[in-house]
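Have the viewer open and follow along.

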Amino acid sequence: MRLPRIVVDGEDSSRSRGLLVVSALHLAAEGLHGIAIAVMNADDPPMAAAVEVLQGETGLRIEPWPASVAPRNVLREARLFVSVAVDDTAHLPLGEAAALGVPVIAPVQFPAPHADADALALLRAAHDPKALAGRMLRALGRIAITA
Amino acid sequence: MTRRPILVVAMPDSIHTARWLRMLPPDVGPLVLLPTARRDPIPDLGRLWPIRDESDLAAMPADAIGLWSAEPTGEEATPDALPPPIGFTNRRTILRGATIARAIRALRPTLLHTMEIQQAGYAALAAMPRLGEERPPWLVSNWGSDIFLYGRLAAHRPILRAVMTEADAVLNECDRDAALVRELGFRGRLLPPQPASGGADIAALPRLDALLPPSARRLILVKGYHGWAGRALHALSAIHLAAPALRGFAIRLLLAPSAVREMAQRLAEHDGLDIAAEPWMADHDAVLRRMGDARMMVACGISDGIGTTLLEAMVLGAFPVVSNTGAAAEWLAPGRDGLILPPHDVAALAAAISRAATDDALVDAAASRNRATVDRRWDLRRNAVSAAAGYAEVIGAGRRAAAA
């Protein structure tokens with residue numbers, strides 16, 4: 001039987017904070033057993049190393065995916081998509097996620113002043129991996145860690 | 001007759017290499033540095049003397065360090081079939097095992113000392129099958145993350161096992177790694193741990209009573225490395241969360257890449273903090289003066305040994321706020337002399353930074369204890385004696401094994 005899976009964005013750059021997402025996975029690990037975690041954009045060497053360390057330390061089932069694979073192919077049948085963006089979410093595959101019915105948690109570290117209430121509610125999670133971990137676990141119906 | 005040298009394979013542009021080589025007493029014998037890459041040697045190495053063969057060695061002045069300078073030929077052009085360090089796409093720019101074998105055949109060193117494993121140590125491993133009876137004893141220095149991080153990576157673990165099987169002696173930076181090298185199959189001599197840099201001339205550094213007490217200082221230094229081991233962007237998110245406690249401080253980032261500098265700019269605009277990246281300083285005395293102006297030093301990362309920045313912070317009164325993935329807990333009492341946290345818990349790091357920024361008694365009380373610890377354990381003269389004794393022990397054991 002296939003495990004339920006979530007997808008996270010591993011890009012760590014001036015527009016995404018993939019290593020912060022990996023830290024959230026470390027902190028959420030206890031609640032993520034029995035779930036496969038697909039990491040998009042996992043081929044940058046620091047991210048590949050971080051993912052390997054995550055797997056070794058937590059025993060989580062991790063599937064690293066290179067940037068060359070289309071997001072649609074990774075997102076299919078996912079239970080959740082998680083990313084941390086720096087300024088905005090324009091570079092993220094949110095359209096594909098919506099088309100496939102995949103719920104999204106995508107906090108933005110420095111949202112525009114006119115950002116909506118949903119974006120403002122995620123401000124803490126954009127900088128605090130423990131808060132992001134709590135959001136992920138709640139979205140999956142798992143017991144959330146205390147933030 | 002020329003004394004046979006000690007061949008040290010190390011990064012030529014590293015302050016650790018320079019400090020180690022310049023720390024060693026002259027009676028250990030002539031030293032020849034075989035650089036791991038064609039980069040300019042750091043000026044702190046002092047006088048260097050080109051070495052191509054034993055006749056160059058015979059002519060080398062007593063105050064010089066030899067620098068292997070023979071042009072590569074033949075098989076030295078081919079990179080070793082070994083994994084590169086993280087951040088390198090291949091080993092094309094890294095020293096070859098064939099070059100180490102050639103230098104050993106030419107100079108007949110009493111000891112091969114590789115400082116750092118993924119460049120120097122792997123190249124020495126590739127040299128071993130090329131050597132017969134001329135193979136000297138091999139001392140492996142394990143810097144910071146060489147085993148603690150790389151030992152968890154599938155591409156590197158078998159290579160580390162092979163290094164540990166071949167090595168005659170290992171010099172770790174911290175007690176933590178003793179068990180790790182044994183797990184990798186090492187059965188040789190484990191020398192007493194020492195920082196990668198060996199030691200510092202503590203007596204030449206300013207005394208604490210010549211500096212402002214930490215509680216009166218308004219500078220916060222943050223290690224800027226981000227990527228394969230560093231997590232400076234985590235530290236900056238912590239600073240964002242702690243911003244209300246940090247107004248009135250100058251926050252400066254050390255050795256920050258562009259993504260970290262950009263984030264600092266955003267924090268300056270968004271949070272109204274005085275935060276910026278510091279330019280790289282060639283003058284290490286200036287680096288130390290800056291540390292002596294700092295109230296705290298923040299470092300976040302998933303792997304380290306005993307970082308030199310931490311030791312410099314401890315000696316000059318800057319309160320350490322660092323990750324638990326290094327060896328800080330072997331040097332200071334957590335919660336009393338520094339705050340040590342998991343690298344993934346940014347909220348806890350934010351709380352620690354806030355505390356160090358506001359608790360004057362905490363940072364002032366830690367300063368003298370941290371100074372005393374580093375005085376005792378990072379002193380150039382004491383550690384030089386220990387390093388020379390380690391060399392003598394490994395060389396002596398090699399001679400006895402060869403005679404048996």
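Look at β2(B): B:Leu31, B:Leu33 and B:Pro35 point one way from the strand, B:Val32 and B:Leu34 point the other way, and all are buried. Buried here means that 20 or more other C-beta atoms lie within 10 Å of a residue's own, with exposed at 12 or fewer, partly exposed in between, and C-beta atoms placed from the backbone. Strands and helices are DSSP runs (E, at least two residues, for strands; H or I, at least four, for helices), numbered from the N terminus.

A quick word on what you're viewing: it's a predicted model, where local features need pLDDT of at least 70 and side-chain atom pairs count only at pLDDT 80 or more, while totals for chains, interfaces and linings use all residues. Residues are numbered from 1 along each chain as its sequence is written, and chains are lettered from A and ligands numbered from 1 in the order in which they are written.

So who sits beside β2(B)? Strand β1 (residues 6-10) of chain B runs parallel to β2(B), joined by five bridges, and B:Ile6 stands opposite B:Leu31. Strand β4 (residues 65-68) of chain B also pairs with β2(B) in the parallel sense, over two bridges; pairing takes at least two DSSP bridges. There, B:Leu33 faces B:Leu67 as its opposite number.

Now for the contact between chains, where residues count if their C-beta atoms, placed from the backbone, lie within 7 Å. Chain B puts in 22 residues and chain A 19 residues. On chain B's side, the largest share, five residues, comes from α7(B).

Methods: Two residues are in contact if their C-beta atoms, placed from the backbone, lie within 7 Å.
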